[in-house]
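Reader: I'm new to this one. Could you show me the structure and walk me through it with a few questions and answers?

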Amino acid sequence: QVQLVESGGGLVQAGGSLRLSCVASGTIWSLNTMGWYRQAPGKQRELVARITVGGIPNYADSVKGRFTISRDSAKNTVYLQMNSLKPEDTAVYYCNADIILSSGRWTTSWGQGTQVTVSS
């Protein structure tokens with residue numbers, strides 16, 4: 001059983017910053033790629049950023065140069081630093097992780113989501 005718990009969402013004015021965190025816990029053998037997705041009202045969930053176990057990031061074009069993804073493997077945590085926020089960044093942000101469980105089985109887990117609202 002694995003849990004991903006996000007924190008750090010909130011309300012911010014355009015141009016402001018927020019830092020999201022996601023901690024993984026449970027019967028984890030190792031964490032592989034971790035990432036952040038978002039879903040705005042009436043839209044499909046979309047990739048924001050992902051980071052490999054080796055620390056190589058990948059970003060959606062819409063956030064390149066503004067968002068930075070990082071991870072602390074010792075803490076089973078992934079972060080998303082969001083700068084120069086725009087109203088179109090408003091969405092529920094979800095943490096995602098590819099996990100090898102203690103049983104040896106692979107699984108993909110999602111967090112419950114954290115709301116980010118950017119006012120104009």
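Author: One term before we start: buried means under 20% relative accessible area, exposed over 50%, and partly exposed in between, using a 1.4 Å probe and protein chains only. This is a predicted model, where local features need pLDDT of at least 70, side-chain atom pairs count only at pLDDT 80 or more, and totals for chains, interfaces and linings use all residues. Residues are numbered from 1 along each chain as its sequence is written, and side-chain values use heavy atoms, with hydrogens and water left out.

Reader: Is Cys95 buried or exposed?
Author: Cys95 has a relative accessibility of 0%. With the cut-off for buried at under 20%, Cys95 counts as buried.

Reader: Which residue forms a disulfide with Cys95?
Author: A disulfide is a covalent bond between the sulfur atoms of two cysteines, and here it is taken as a pair of cysteine sulfur atoms within 2.5 Å. A search of the whole structure turns up 1 disulfide. Its sulfur atoms sit 2.1 Å apart, and the partner of Cys95 is Cys22.

Reader: How many residues apart are Cys22 and Cys95?
Author: Strands here are DSSP runs of E with at least two residues, helices are runs of H or I with at least four, and both are numbered from the N terminus. Cys22 belongs to strand 3 (residues 18-26) and Cys95 to strand 9, so this pair links distant parts of the chain, 73 residues apart.

Reader: What is the handedness of the disulfide of Cys22 and Cys95?
Author: Look at the torsion about the S-S bond, which is about -80°. That value makes the disulfide left-handed.

Reader: Which residue forms a salt bridge with Arg38, and where does that partner lie?
Author: A salt bridge is a side-chain nitrogen of Lys or Arg within 4 Å of a carboxyl oxygen of Asp or Glu, and the structure holds 5 of them. In this one the closest N and O atoms of Arg38 and Asp89 are 3.0 Å apart. Arg38 lies in strand 4 (residues 28-39), so the pair ties together parts that are 51 residues apart in sequence. The partner, in the loop between strand 8 (77-82) and strand 9 (91-101), is Asp89.

Reader: Is Asp61 buried or exposed?
Author: Asp61 meets Lys64 in a salt bridge of 3.1 Å, N to O. At 64% relative accessibility, Asp61 counts as exposed.

Reader: Which residues make up the covered face of strand 11?
Author: In a regular strand the side chains alternate between the two faces of the sheet. In strand 11 (residues 114-119), Gln115, Thr117 and Ser119 form the uncovered face. The covered face is Thr114, Val116 and Val118.

Reader: In the open sheet of 4 strands, which strands stand at the edges?
Author: Two strands pair if DSSP finds at least two bridges between them. The sheet has the order 1-3-8-7 with antiparallel pairing. Two of its strands have a single partner strand each, so one side of each is left without a neighbour in the sheet: strand 1 (2-7) and strand 7.
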